[in-house]
Amino acid sequence: MAYSISNRVRSIAPSATKEMALLAEEVGGCVSLGQGVPSFATPQHILEAVIKVLRDQPAGGKYTLQPGLPALRQALAEDMGRNRNLTVHWPTEILITVGAMEGLLATILTILDPGDEILVPSPGYASYTEQILLAEGMPVFVPLRSSDWGLDTDRLRGSLTPRTKAILLCNPSNPTGAVYSREDILAVGELALQNDLVIISDETYDFLFYEGPPPFSPTVVPELKDRVIAVSSFSKKFAFTGWRVGWVYSDARWMEQIMKVHDAAVIAAPTVSQYAALAAINGPQDVITAMRDRLGDRRKLCLERLDRLSRYFDYVTPRGAFYVLPRYLFTGEPSAALAVRLIREAQVITIPGASYGLEGEGRLRMSYGGEEADIDEAFDRLEGWLNGRLG
Ligand SMILES: Cc1ncc(COP(=O)(O)O)c(C=O)c1O
């Protein structure tokens, strides 16, 4: 049998996060600074609501309407009304997706023709590249300012070509932990207006910021209404990664088209998970602040531990999400090789910076989503390994 794999699939790579996890499994006994998953359990009231749906509602095991449960879309619209002062017409402007991931892919497939370009600030979330390549588009990596991981609007402008269709923003950013300034987002908005571009705004981490002003969303700029497609997620906000629920918010004309991809790919997000999301958004919201506070403590711990290793690492202080992307000063080896060696020799999982783009090379992404004890253990091991090796 000849395995004739499409060029599209040939062109993409498995995610480094998964590869590191697989290697760690093989090695055994590893402790992780790798995962993009906060350690918390899904709150109890959400689980109880789901049990009730499964017990009492036969519809709980059937498809929902393609765009998702009306009550959930309405609740999201109201939430955006309260928090962003937006008037959202939920029947035509909100789509419930299988995580932010499906929302991003459906959006990218909707926007791009083969050969079209999307500007991706780099380092950036690795899956953007694979999704753009699957749509036969071209990711154009535009370096962030390495001094603060801020957006470099001049470089973004300089990277435009007649084939540029969109700019992909992730704010707060995975993997840098940066929160972009309002001015920079507005400058990107200007760029989009002047050059007829779409802004894909990945807002997966929009609730996770620790200092400074909250992340500014381009959805609140009225002039950008028909050119921002916002993608967000329940995953990190409600300790919900396994339920797989996200959503897209856009102008109705985009949404009509995005819906076609969604229908062809998944029909609808899983019904039980949508009920879980409904319970999450209608339930007590202090679970979000409680998680943010805990993550704030873990951030402090992680940065203190990195500061103790200042001979070996330097870093830009992250203000959001739960990642830091330190530069290593003790070796010139590629980050992929170093991350593998750390798993094998120190039993610590980190993610190679190069998997987030060229600008990530020479760095490792560390997550402080894990328990404090695990963060401490990982840094104890790193410290022991570095001191033993380098004296
Ligand atoms: C920046 C970013 N966007 C999207 C996703 C995917 O989120 P979801 O679990 O909602 O598919 C992640 C997951 O880590 C992420 O970091």
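How many residues surround the ligand, and which are the closest? There are 14 of them, and the closest are Ala-100, Asp-202, Tyr-205, Ser-233 and Ser-235; a residue is near a molecule if one of its heavy atoms lies within 4 Å of it. The model is predicted, so local features need pLDDT of at least 70 and side-chain atom pairs count only at pLDDT 80 or more, while totals for chains, interfaces and linings use all residues. Residues are numbered from 1 along each chain as its sequence is written, and side-chain values use heavy atoms, with hydrogens and water left out.

**View 1. The shell around the ligand.** By class, the shell has six nonpolar, five polar and three charged residues. Here Ala, Val, Leu, Ile, Met, Phe, Trp, Tyr, Cys and Pro count as nonpolar, Asp, Glu, Lys and Arg as charged, and the others, Gly among them, as polar. Helix H6 (residues 99–111) gives the most to this shell, with three residues. Helices (H or I, at least four residues) and strands (E, at least two) are DSSP runs, numbered from the N terminus.

View 2. A polar contact is a pair of N or O atoms within 3.5 Å. For Met-101, a polar backbone atom sits 3.0 Å from an oxygen atom of the ligand. Taken alone the ligand exposes 400 Å², and the protein buries 93% of that (Shrake-Rupley method, 1.4 Å probe).

**View 3. Two cis peptide bonds in one loop.** Asn-171 and Pro-172 are joined by a cis peptide bond with omega about -10°. Another cis bond links Asn-174 and Pro-175, with omega about 20°. Pro-172 lies in the loop between strand S5 (164–170) and helix H9 (182–195), and Pro-175 is also in the loop between S5 and H9. Most peptide bonds are trans.

View 4. Asp-196 has a positive phi of about 55° although it is not a glycine. Its place is the loop between H9 and strand S6 (198–202), and Asp-196 is exposed, with a relative accessible area of 59%. Ala-321, not a glycine either, has a positive phi of about 55°. Ala-321 is in the loop between strand S9 (313–314) and strand S10 (323–324), but is buried at 0% relative accessible area. Buried means under 20%, exposed over 50%, and partly exposed in between (1.4 Å probe, protein chains only).

Terms used: A polar contact is a pair of N or O atoms within 3.5 Å; within protein, one must be able to donate a hydrogen and the other to accept it, and residues adjacent in sequence count only if both atoms are side-chain atoms.
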